[in-house]
Amino acid sequence: MNAHTLSKDASAEIIKLAVLAVGGQGGGVLANWIAQLANRGGYAVQMTSVAGVAQRTGATIYYVEMAPKTERLPVFALSPAPGDLDILIAAELMEAGRAVLRGFVTPHRTTLIASSHRILAISEKEVPGDGRAQSTLVEEEITSAALRCVCFDMETLAVEAGSMISASLFGGLARSKALPFEMTQFEEVIAASGRGAQQSLAAFHAALTYDSAQIDDTPSQKSAPTVDGPEILLKGWSDLCTQIEGFPNDARLIIQAGLTKVIDYQDIEYGKTYLGHLVAYKYTDANLTKVAAKYIANAMCYDDILRVADLKTRASRQTRLRSEQDIPEGDIVQITEYFHPRAQEICGTLPAGLGAWIESRPRAFAALDRVTNKGRRIRTDGIIGFGLLWAVSALKPYRRKFLRHRFETAHLSGLLEHAHKAALTDTSLAIEILQCQRLIKGYSDTHTRGHSKFGKVIAALDVLSGRPDAADWVRRLRSAALEDEKGDVLDGALATVHSFAS
Amino acid sequence: MAERSFAKEVQHLKIGAGETFRGEGILAITKALLENGVGYVAGYQGSPISHLMDVLADAQDILADMGVHYEASASEATAAATLAASVHYPIRGAVTFKSTVGTNVASDALANLASGGVTGGALVIVGEDYGEGSSIMQERSHAFAMKSQIWLLDPRPNLPSMVKAVGDGFALSEATNSPVMLQLRIKSCHLLGEFVAKQNIAPAMTVKDALENPKRDLARVVLPPASFLHEQEKVTKRLPAAIDYIRENKLNESFGPAKGKVGIICQGGHYNGVIRGLQRLGLANMYGDCDLPLHVLNVTYPLVDDEILNFAKDKDSILVIEEGHPAYIEQNIRAILHKAGARCKIEGKGPFPEAGELTGTIMLDGLSIYLRDAASELMPPVARAPNAPPILKMPELTATVPARPPSFCIGCPERPIFAATKMIEEELGPHHIASDIGCHLFSINAPFDIGATTMGYGLGPASASAFNDKTAGRRSISFLGDGGFWHNGLTSSIGNAVFNDNDGVIIIVDNYYSAATGGQDILSSRADNKSKSTKHPIKQAVEGMGAKWVRQLDRTYDVGKMQATLKEALETPETGPKVIIASSECMLNKQRREKPLHKKAVSDGKRMTRTRFGVDEDVCTGDHACIRLSGCPSLSLKTLDDPLRDDPVASIDQNCVGCGNCGEVADAAVLCPSFYQADLIQNPSRLDRLFSDWRQSLITKLQKRRDARRLVFTGDAS
């Protein structure tokens, strides 16, 4: 790059700034502030926007140009051009990424001010697995694409100050020193903005003085769970904990978590069963032990009415709900649960014999469904609603006798059988098989669909077992199954697998 | 009430001569109308001139004080027809709408208006929705001007030029007895700038004067033989008059040196873009002084032949810069030069792409290509051998950044309608679904993926007309918004379906406003509007059209009912259209209306309820089925601090407005019991407290009793 030729660009004296935001973020407020700032600073300024009124939640763009005021008015452009921006403000991380891709950020001149927080796009949220874009990759790429980069979570700073992200981004802009204006001029603009100026100033300063070093980025070291209960149960618990000592060091943490989960789900006896299942993995590859510990626990803690009733009536749930909903202790909150039990769930919660009897008789089943299958709103802050769920949760000691348990036990045996068989010859295949438990989640139809995907992947073992790339294929099938709801991607992958057999 | 209020800004409309007016382009245009003695204004909302309608609505009192009549038209056709007031009477009138869609709708009235001609200045202000941010098909308005002989103004995009164009437009219209179209692009409408104001002038003749002194001139009525005479008059009298006026009043402008080997002719609206391109090439300074002759067409139709010939004289070549396809101006200039036998070469859609927006990059590239070829000696080193930094290629970033299509707002009442439709399609199989224009068109995007076509405003059900076969085993479903319904859907869609006994299902999405354009009131709005008549039920109108099977749903959030009604409509043996009117207030407008009231009530100590929804993270299994049926922006994902979990769980953020859609969907689709509704009682009564304490103590007792018999883990996720 030759500095001499660049200086020929007569528009180089014009400061060009664009704001990319998601509709509803207040990008217009920020752009107006910047225009007012320029005005106060003795600059001629022009602002335009493409905030089409129909764009409620899509990407929006505001564009500002400014130059020192003289007797003549400069000719300003109305929209940003790639490679021709001095400052780019992005109100969300992926919007910053988009700005870079559009060429609005260039390493030789653009100062990038971006908030690193995420507003997930629908394409990221709707996949059955984890479809979220990789934030770290984007942060690295945008930093390398810019001359300077001011990038941290300005949304949280704004929310903490009781303001909007426009204020903290304005702080980020001031912090970057990319505009030739005094700090007091920034502050004057906010102060003159009227309502909420106090909070906006707080958010502005929070971004201005933000120190990433002071923020503890290391994940909080979880305190070991404390456990409380009757003496006899505590004794049982510590006995089981002692048994964990016998497992490889690496796997103990996850076994501890699994054990806690199954005991919390059912009882000490269930914990014993859990460790019993794990014995087979005691001397295998440590990874296999860990995976087994995780997915056996998950398979044992299937989601039934009892569990939901138990979780929804715990004291810890009330505490969490209040903190999530900003409801201080002492304030009154009414809680309505949205339930929709069907005959399947009722049968599952009946003694296995009776449940199976009804399920095998279509007319009886339909009759039960007619009575039960409808939406139910239950007030768990009230005595009746809470009492009802509490009573259901009290059925826990009988859970092992219920039809659902029979079904889930069979499922777990099947899973373990396949894993054991694979483990004899192919450890990594066993690991992949156990991980397929991840496919089973949700309730009702979602749960059924999960089971069907699981079944399809397991069935493919007939073709895959013995192949050197079997583990790889199971992993691929599993990821495919998590990509869409209906399982079209999985079916496509399965078609390939079945072509091996022919 | 519209989404954005200009109540404060419109006060500036009163400022007098010599004062500086600072504001958006649309406000400047309004001020210019007042400065030019306009007698009446009308229009139909739509980006980018929605706010012009909002400004006019908020300025009603100011307008009325000056004797200016303001009208919110039923459609663009109505708006254009309103200009009939200028046919016989010397009253200046202006109408505004979105182009080209609005111009399409208005074209019948515009053609009639242009045929008979006008006495008072008639100005059609079209908001050009073209290029980035546009939501419509990409076409040019230029063709309408040419076919109907309406003069087309395209001023330079700065406030003084735009304001001047309003005055020029009225004068040109009166001098030529023809309507004039003033084209404003998206970015000019939202352009923030300033200009020196003039004194407002009250109309010389008001609509009241005209009403009380009616006039009639048969020669202006479009009917043979006058219509044949109009056709002749347009080319023999009005066109030459227009050309003379444009030339004499120097409506077009020239910049740069008078002479040169090459020159540029551009549309006024692209002047800034051209200058920016030249600035970047080092051929113009910051203030627009350029090194080569530049002819700016503030009037793009008609062109002034001798102006063009004069500009072409002693030039080897000329570059014509115009946006969009077809290249009418380039063709016109070629014809002028050809007819005159001029030898100057013309370049246009060669260095520039045939179609599409003239972005900064395209402008720079087009100018470079042309000038490198035609006048390389003019070019500074930077331009002759551009050494611009290459655009970075970042394949990983490209693959990572997700698209962000516009979608329904938080708490939008239209979301449950499409959730129900999606569920019905899961149950009964896919249907042919016709969409319409409005927020509801967002249904075509994820997560709903519903809708096959969109054929124009109010034409959703009309576009399903052909699918009218009594022997078919499936019915069509079509959507229509309340805005489109009143615009023309009542006749074009409902009336047509009744008349042709179409068995299809029609869902009218009624959110109490013309919501997509910014929340303007329409006939069925439930708001009190001091100058408009509202609260006319859609149901009555539909029944009045003769529809027999009509269902009114007053709470769209009831997904189960929505689903059941849709199913009934698809299965009932009754013939003729099945019309479902799904009504709930636009949440954006509702929040804007109710939030301040709620706040005030709380601070006044009144007992109020604040509703929000939440997801129990330990009940949620992370399948995201709820998101696939909702797509609410406040329903997102979070990672749990639990080593036993793989997938993020659903989570509702604090922007939740408590509409209830997620809970209703979870119930109707039998998803999961993770959703709960939390109603915070603000300013509770003593009785509330008493009951609450009593309940809580009982609940605590039950919890303690259960906990005494089992192990209780704390400090862990599970």
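Trainee: Which residue in E24(B) is the bridge partner of A:Thr336?
Mentor: Keeping in mind that this is a predicted model, the bridge partner of A:Thr336 in E24(B) is B:Gln677. Along the two strands there is also A:Gln334, whose bridge partner in E24(B) is B:Asp679.

Trainee: And how many bridges do E8(A) and E24 of chain B share?
Mentor: There are six bridges between E8(A) and strand E24 of chain B, residues 675-682, and the two strands pair in the antiparallel sense.

Trainee: What is the bridge partner of A:Thr336 in E9(A)?
Mentor: In E9(A) the partner is A:Arg379, and the two strands, E8(A) and E9(A), are joined by four bridges in the antiparallel sense.

Trainee: Stepping back to the contact between the chains, how many residues does each chain put in?
Mentor: Chain A contributes 123 residues and chain B contributes 110 residues. On the chain A side, the largest share comes from strand E8 (residues 332-339), with eight residues, and by class that side has 55 nonpolar, 37 polar and 31 charged residues.

Trainee: Changing topic, what is the strand order in the open sheet of seven strands in chain B?
Mentor: That sheet runs E3-E2-E4-E5-E7-E6-E12, and its pairing is mixed. Strands E3 (69-72) and E12 (299-301) of chain B stand at the edges with a single partner strand each, so one side of each is left without a neighbour in the sheet. From one strand to the next, the twist averages 20 degrees.

Trainee: Do E5 and E7 of chain B pair in the parallel or the antiparallel sense?
Mentor: Strand E5 (residues 122-128) and strand E7 (residues 180-185) of chain B pair in the parallel sense, over six bridges, and within E7(B) the bridge partner of B:Ile125 is B:Leu182.

Trainee: Now the nonpolar cores: which residues touch the most other members of the largest one?
Mentor: In that core, which has 297 residues, they are B:Ala80 and B:Trp151. The largest share of the core comes from helix H2 (residues 27-40) of chain A, with eight residues. Setting aside neighbours within four places in sequence, B:Trp151 is in contact with residues including B:Leu172, B:Val180, B:Met181, B:Val299 and B:Tyr301. There is also a second, separate core of 53 residues, which includes A:Val262, A:Ala292, A:Ala419 and A:Ala422.

Trainee: Last one: how is chain B divided into domains?
Mentor: Chain B is divided into domain 1 (9-206 + 214-248), domain 2 (253-384), domain 3 (415-589) and domain 4 (607-707). Taken over C-alpha atoms, the centres of domain 2 and domain 3 of chain B are separated by 49 Å.

Definitions and conventions: Residues are numbered from 1 along each chain as its sequence is written. Chains are lettered from A and ligands numbered from 1 in the order in which they are written. This is a predicted model: local features need pLDDT of at least 70, side-chain atom pairs count only at pLDDT 80 or more; totals for chains, interfaces and linings use all residues. Two residues are in contact if their C-beta atoms, placed from the backbone, lie within 7 Å. Ala, Val, Leu, Ile, Met, Phe, Trp, Tyr, Cys and Pro count as nonpolar, Asp, Glu, Lys and Arg as charged, and the others, Gly among them, as polar. Two strands pair if DSSP finds at least two bridges between them. Axes are lines fitted to C-alpha atoms, for helices over the stretch in contact, and angles run from 0 to 180 degrees between N-to-C directions. Domain bounds come from an automatic or database domain assignment. A nonpolar core is a set of buried Ala, Val, Leu, Ile, Met, Phe, Trp, Tyr and Cys residues joined through C-beta atoms within 7 Å. A residue is buried if 20 or more other C-beta atoms lie within 10 Å of its own, exposed if 12 or fewer, and partly exposed in between; C-beta atoms are placed from the backbone.
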